[in-house]
Amino acid sequence: MMQSVQARIENEIKSMKRGSILFPSNFDAIGNVEVVKKSLLRLTNKEFLIRLAHGIYLYPKQDKLLGVLYPSIEEIANAIADRDKARIIPTGITALNKLGLSTQIPMNIVFLTDGASRSVVVGKRTIKFKRTTPKNLLVKGKLTGLIIQALKEIGKDNVTDEQLEKIRNHLKLEEKEIREHDAKLAPAWISKIIKNRK
């Protein structure tokens, strides 16, 4: 029984793209959760899979020079959100980093979510999902969503001219309708920056 479940799981994974992030729930149709978990453990032991974190696996992609190509922390977070059918937005230093407003790489990456609050330890880093109000996740623009979170992290009285210049350059890439929609969801001072992008 275990052997056939493991073989079926292995065959299913082989049909996926290398670099895919997998969860036991991907294989609900093949067997019960305990048998699936044991099969994934065996596939990890034979180095067919790599365990990224508790209950999270990688079908590894190899590079001749670099070896295994690991997904970014953000890719793992997005895979978890997809599995949970939840929305997420990066906050704090992560948002600043993605916009080029900070070179700091946070050890703990925090995402706002409409899913469950939880922490996932990946190697030496931690992904934190913080449950938030639906309003915070109604933004349509990827850039405006990051800008709102980055500005909240910087704080109203701490925004420099250089940061404003970078933010305005990002805003030029967002469609007008999206900017106007998302400005209404932001605190008044951030809304003003989004609208005044000249």
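**Entry 1: Glutamate 177.** I looked up glutamate 177 and found it exposed, with a relative accessible area of 55%. My scale calls a residue buried under 20% relative accessible area, exposed over 50% and partly exposed in between, with a 1.4 Å probe and protein chains only. Glutamate 177 is found in helix α7 (residues 176–183). Helices (H or I, at least four residues) and strands (E, at least two) are DSSP runs, numbered from the N terminus. I also checked glycine 141: its C-alpha atom is separated by 9.7 Å from that of glutamate 177, though the two are 36 residues apart along the chain.

**Entry 2: Ground rules.** I am reading a predicted model, where local features need pLDDT of at least 70 and side-chain atom pairs count only at pLDDT 80 or more, while totals for chains, interfaces and linings use all residues. Residues are numbered from 1 along each chain as its sequence is written, and side-chain values use heavy atoms, with hydrogens and water left out.

**Entry 3: The cores.** Which residues have the most contacts inside the largest nonpolar core? I found Leu101, Leu151, Ile167 and Ile194, in a core of 23 residues. Two or more residues each come from α4 (92–98), α5 (142–154), α6 (161–171) and α8 (188–195). Of these, α5 gives the most, with six residues. Apart from this core lies another, of 20 residues, including Ile76, Ala77, Ile109 and Phe129. A nonpolar core here is a set of buried Ala, Val, Leu, Ile, Met, Phe, Trp, Tyr and Cys residues joined through side-chain atoms within 4.5 Å. In soluble globular proteins, nonpolar side chains tend to be buried together.

I then went back to isoleucine 194. Leaving out residues up to four places away in sequence, isoleucine 194 touches Thr144, Ile148, Leu171, Arg179, Ala183 and Ala186; contact means heavy atoms within 4.5 Å.

**Entry 4: Strands around β9.** I count two strands as paired if DSSP finds at least two bridges between them. Strand β7 (residues 108–113) runs parallel to strand β9 (residues 125–131), and six bridges join them. Asparagine 108 has threonine 126 as its bridge partner in β9, and isoleucine 109 stands opposite isoleucine 127. Strand β8 (residues 118–122) is joined to β9 by five bridges, this time antiparallel. In β9, lysine 128 is the partner of serine 119, and isoleucine 127 that of valine 120. The β8 and β9 hairpin has two residues between the strands, and glycine 123 takes a positive phi near 60 degrees there. Strand β6 (residues 88–90) runs antiparallel to β7 over three bridges, with proline 90 partnered by phenylalanine 111.

**Entry 5: A three-stranded sheet.** I found an open sheet with the order β1-β3-β2 and antiparallel pairing. Its edge strands, β1 (21–22) and β2 (50–53), each pair on one side only. Two bridges link β1 to strand β3 (residues 56–58), and isoleucine 21 stands opposite leucine 58 in β3.

**Entry 6: Leucine 66.** Is leucine 66 buried or exposed? I found it exposed, with a relative accessible area of 66%. Leucine 66 is found in the loop between β4 (61–63) and β5 (67–69).
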